[in-house]
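Hi everyone, thanks for coming. Please have a look at the sequence and the model on the screen, and then I'll walk you through a few parts of it.

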Amino acid sequence: MTVHAHPDDEASKGAPTLARYHAEGVRTVLVCCTGGEEGDLQNPSLREPGQPFHGLTAEEEKVKVAELRPGELAASAAAIGFDEVVMLGYRDSGMADSPPNEHPDSFHQADLDEAVGRLVGIVRRVRPQVLLTYNDDQTGYPHPDHLKVHDISVLAFERAGDPDWYPELGAPFQPSKLYYSAWSRRRMVAVHEALLARDGKAPFDDAWFERPDMDHRITTRIEIADFQHARSDALRAHATQVDPNEGFWFALADDELRQVYPWEDWILARSLVGPIPDDDSERDLFAGVRTSVGSDR
Ligand SMILES: [Zn+2]
């Protein structure tokens, strides 16, 4: 089970890993905490004649984006191979310190215990062995909804198995492992260098290189060479949010990425099935889980 803030986050973070495990027969569930109501149109080609945003005012665009996002999320989830998508039911809080932060239905305003309870209810029903969420260091992109995804996931991991919490929300269930997605500097550097070699230029500006480096925290590298398409297909499914001509997302084709960086990097944050590696040697999100399932049953 993976927890994300907005429709499109599931495409940009972890999609190949989820596709790989789905292909192996693992049941994969996406929890999306908000509907992405504050997203702006990021794809200018949709304003051209004959396209759905042609001639719309800024306010009309906003309404149209909110209207289209559920369908985009469904298409993205299908491209990745999620078995189920669950909306946590909050409103997008918008960027930090913007007026939508104050909206009473926003994820930012949600009572923490209430929001954790919603996630605990889903965990107890789905019973995931592995829970994936955002890491604690969001300084690279401090969106209030991303921070809250981390906060509620960590607490849900702790409380889902505790019978004293939310006794009305189903039988306690304790997931075995909690992972954080990692912004991988070495992946960015690999892509950057490949583009410099191919084109003589790359789309990453200095701000990207100034992001806090968390590579030393990476414990787990998942080989996803055959699943790069999950990311690119899912990103393209979010047509209002992702410009298909944007070099930032698509400068390298899937088969080039496969050569350049056939991995996704994760941080194992909690484990009830063995020690957390002090290096990046783990190669399977279900390491320890597979053996414990096999020996116990
Ligand atoms: Zn987001």
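Helices (H or I, at least four residues) and strands (E, at least two) are DSSP runs, numbered from the N terminus. Please keep in mind that this is a predicted model: local features need pLDDT of at least 70, side-chain atom pairs count only at pLDDT 80 or more, and totals for chains, interfaces and linings use all residues. Residues are numbered from 1 along each chain as its sequence is written, and side-chain values use heavy atoms, with hydrogens and water left out.

Let's begin with helix H3. It runs over residues 58-80, which is 23 residues, and reaches 31 Å from its first C-alpha to its last. That is close to the 33 Å expected at 1.5 Å a residue, where the expected span is 1.5 Å times one less than the number of residues. Where does H3 have its kink? It lies at Arg-69, shortly before the proline Pro-70, and comes to about 35°. The bend at a residue is the angle between axes fitted to the seven residues ending there and the seven starting there.

Which residues of H3 are buried? Buried means under 20% relative accessible area, exposed over 50%, and partly exposed in between, using a 1.4 Å probe and protein chains only. In H3, the buried ones are Glu-61, Val-65, Arg-69, Glu-72, Leu-73, Ser-76, Ala-77 and Ile-80. A handy reminder here: an α-helix has 3.6 residues a turn, so residues three or four places apart point the same way. Covering the buried residues of H3 are, among others, H1, helix H2 (15-23), E2, E3 and helix H8 (228-237).

H2 itself is mostly covered, with 7 of its 9 residues buried. Those are Ala-15, Pro-16, Thr-17, Leu-18, Ala-19, Arg-20 and Tyr-21. After H2 comes Gly-25, with a positive phi near 100°.

There is another such glycine just after H3: Gly-81 takes a positive phi of about 105°. Gly-81 sits in the loop between H3 and E3, and counts as buried at 11% relative accessibility. Leaving out residues up to four places away in sequence, Gly-81 touches His-22 and Thr-28.

Positive phi also turns up in residues other than glycine. For Asp-8 the value is near 105°, and for Tyr-166 it is near 50°. Asp-8 is in the loop between strand E1 (2-4) and H1, and is buried, at 16% relative accessible area.

Asp-9 is buried at 5%, and His-146 at 2%.

Last stop, the nonpolar core. That term means a set of buried Ala, Val, Leu, Ile, Met, Phe, Trp, Tyr and Cys residues joined through side-chain atoms within 4.5 Å. The largest one has 35 residues, and those with the most contacts inside it are Met-1, Leu-88, Phe-107 and Ile-152. Among the elements giving two or more residues to this core are strand E3 (84-90), helix H4 (112-126) and helix H5 (144-159). H4 gives the most, with 7 residues. A second, separate core has 27 residues, including Val-130, Tyr-179, Ala-234 and Leu-268.

Terms used: Contact means heavy atoms within 4.5 Å.
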